[in-house]
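The following paragraphs walk through a protein model, moving from its sheet to its core and then to its loops. Please keep the sequence and the structure in view while reading.

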Amino acid sequence: MSHTVVAELVANVQQVTAKAGDTVGPETTLVILESMKMEIPVLAEVAGTIREMKVAEGEVVRDGDPIAIIEEN
């Protein structure tokens, strides 16, 4: 079963800290977003393996945009 992590606000992708193939847990930081000079970590939410990262550093995400797809364990 796959789980899609989505953005919850409009923000710049400041840093991508995970990549496809990484094993993650619910508290693993996938990316760090920047909005209004605040850094916002986006967590994996579930345990599994990242199948695909949908963002790159420097991109802008909007509310509901996919950030990563995780295959749950």
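A residue is called buried here when its relative accessible area is under 20%, exposed when that area is over 50%, and partly exposed in between, as computed with a 1.4 Å probe on protein chains only. The model is a predicted one, in which local features need pLDDT of at least 70 and side-chain atom pairs count only at pLDDT 80 or more, while totals for chains, interfaces and linings use all residues. Residues are numbered from 1 along each chain as its sequence is written, and side-chain values use heavy atoms, with hydrogens and water left out.

Helices (H or I, at least four residues) and strands (E, at least two) are taken as DSSP runs and numbered from the N terminus, and two strands pair if DSSP finds at least two bridges between them. On these terms, four strands form an open sheet in the order β5-β4-β2-β7, and their pairing is antiparallel. Its edges are β5 (38-43) and β7 (60-61), each of which pairs on one side only. Strand β2 (residues 11-16) runs antiparallel to β7 and is joined to it by two bridges, and Ala11 has Val61 as its bridge partner in β7.

Strand β4 (residues 29-35) contains Leu30, which is buried, with a relative accessible area of 0%. Contact means heavy atoms within 4.5 Å, and, leaving aside neighbours within four places in sequence, the contacts of Leu30 include Val5, Val16, Val42, Ile50, Met53 and Ile70.

A nonpolar core is a set of buried Ala, Val, Leu, Ile, Met, Phe, Trp, Tyr and Cys residues joined through side-chain atoms within 4.5 Å. The largest such core has 19 residues, and Leu30, Val31, Leu33, Ile50, Val61, Ile67 and Ile70 are those with the most contacts inside it. At least two residues of this core come from each of β2, β4, β6 (48-53) and β8 (66-72).

Ser35 also belongs to strand β4 and is buried, with a relative accessible area of 15%; beyond its neighbours within four places in sequence, Ser35 is in contact with Leu9, Val10, Ala11 and Ile40.

The loops remain to be considered. Lys37, in the loop between β4 and β5, has a positive phi of about 65 degrees although it is not a glycine, and Lys37 counts as exposed because its relative accessible area is 79%. Glu45, in the loop between β5 and β6, has a positive phi of about 75 degrees, again without being a glycine, and its 40% relative accessibility makes Glu45 partly exposed.
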